[in-house]
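Thanks for making time this morning.

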Amino acid sequence: MSATAYILSEHPTIVGFRWSHTHSWGATWVFLLTSITFYLVLSVTLHVILLLLRPVPVGPIPAVHSLLMSILSATILAGTVASASAEIRHTRWLWGRTRTPLQWVLCFPLGTRSSGRVFFWSYIFYLSRYLHVTRTLFTILRRRRLSLCQLFTNSVTIVMSFLWLEFTQSLQISEIVLTAFSNSVVYGYRFWTELGLPTASFPLVANVQIVFMGVNLICHFGVLYLHVWGGGCNGIGAWVVNSVFNCGFLFMFLKSFVKRRWIRQKAMELRNTNGKID
């Protein structure tokens, strides 16, 4: 356990991390905008080309990608929890009676900078978003289908994780923990199904996303309360942008969820009707 704790939260690279435009890879606005533009152009171009061709077999690559993302997400989850615990343990004496550990997790004090244990894992999470978006390419290659919603969602998640570090945004610890947990479960499940193993008897991915969005919504209200009545939270401007994007995600998810339920219900009614006719 001590060796694991050292690797996750006490290694000098983790403790001494500092978000820097000159020393952190991918930490500039130019890189962010260029990479997102490249992702969008590549996805659209590949989709147009494959409209004239048959779906391209990708073999076990999606399964390997799902396994890697599940392991990486679980590592980020463990590292973030261990680092947050270490930061609370080492700096709590500075807070006095003005802040509890939960308040610190949701609301960074004004003047906080993106350096130290927690922000190292926030940086790893940011980099993992670039690996996450490659799943779009697998979808295009296998099915020749391009989802504009998926392109938008993937692009926005990269921007949001960049803003967390750039403006030391409050709430990012809970966002990382919730997202990493859901990703580890969802990608683990996808790896399971891509191997041809039995699927769950209920919509596991949708249920995980519902829980994630519900808890995330509660955390957003917590940040708002602490900012207004708790003396202010750092990076509140980025938090507002984050909240707008999350509202967009929630709307798209609910719309898609209701549409799937409606289609499933109509299919069941049609099946029952055909059964009675027979």
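Which residues does Ile-173 touch, not counting residues up to four places away in sequence? Ile-173 touches Thr-80, Ala-84, Trp-104, Val-105, Phe-108 and Val-118, where contact means heavy atoms within 4.5 Å.

Before going further, a word on the source: this is a predicted model, in which local features need pLDDT of at least 70 and side-chain atom pairs count only at pLDDT 80 or more, while totals for chains, interfaces and linings use all residues. Residues are numbered from 1 along each chain as its sequence is written, and side-chain values use heavy atoms, with hydrogens and water left out.

Let me take the overall picture next. The secondary structure comes to eleven helices and zero strands, with helices (H or I, at least four residues) and strands (E, at least two) taken as DSSP runs and numbered from the N terminus. Of the 278 residues of the chain, 42% count as buried, and here buried means under 20% relative accessible area, exposed means over 50%, and partly exposed lies in between, with a 1.4 Å probe and protein chains only. Among contacts in the chain with a separation of 6 or more, 82% come from residues 24 or more positions apart. The chain exposes about 15700 Å², of which carbon and sulfur atoms supply 71%; these areas come from the Shrake-Rupley method with a 1.4 Å probe, and for residues only the protein chains shown count as cover.

Back to the core, then. Ile-173 is one of the residues with the most contacts inside the largest nonpolar core, which has 46 residues, and Trp-19, Leu-32, Trp-104, Tyr-126 and Ile-158 are also in that group. By nonpolar core I mean a set of buried Ala, Val, Leu, Ile, Met, Phe, Trp, Tyr and Cys residues joined through side-chain atoms within 4.5 Å. There is also a second, separate core of eight residues, including Leu-106, Leu-171, Val-223 and Cys-233.

Helix H9, residues 172-194, has 23 residues and reaches 31 Å from its first C-alpha to its last, close to the 33 Å expected at 1.5 Å a residue, the expected span being 1.5 Å times one less than the number of residues. Following H9 is Gly-196, whose phi is positive, near 90 degrees. Helix H6 has 16 residues and reaches 23 Å, close to the 22 Å expected, and because 13 of its 16 residues are buried, H6 is largely enclosed by the rest of the structure.

Now the cysteines. A search of the whole structure finds one disulfide, defined as a pair of cysteine sulfur atoms within 2.5 Å. Cys-107 and Cys-233 form it, with their sulfur atoms 2.0 Å apart, and at -115 degrees about the S-S bond the link is left-handed. Cys-107 lies in the loop between helices H5 and H6 and Cys-233 in the loop between helices H10 and H11, so the pair ties together parts that are 126 residues apart in sequence. Cys-107 is buried at 0% relative accessibility, and Cys-233 is buried at 2%. As for two further cysteines, Cys-219 counts as buried at 14%, whereas Cys-247 counts as exposed at 53%.

What about charged pairs? The structure holds three salt bridges, each a side-chain nitrogen of Lys or Arg within 4 Å of a carboxyl oxygen of Asp or Glu. Glu-10 pairs with Arg-117, the closest N and O atoms being 3.2 Å apart, and this links distant parts of the chain, with Glu-10 in helix H1 and Arg-117 in helix H6, 107 residues apart. Glu-87 also meets Arg-117, at 3.1 Å from N to O, and here Glu-87 sits in helix H4, 30 residues from Arg-117.

The remaining bridge joins Glu-194 and Arg-135, whose closest N and O atoms are 3.4 Å apart. Glu-194 lies in helix H9 and Arg-135 in helix H7, so the pair ties together parts that are 59 residues apart in sequence. Glu-194 is partly exposed at 26%, and Arg-135 is buried at 14%.
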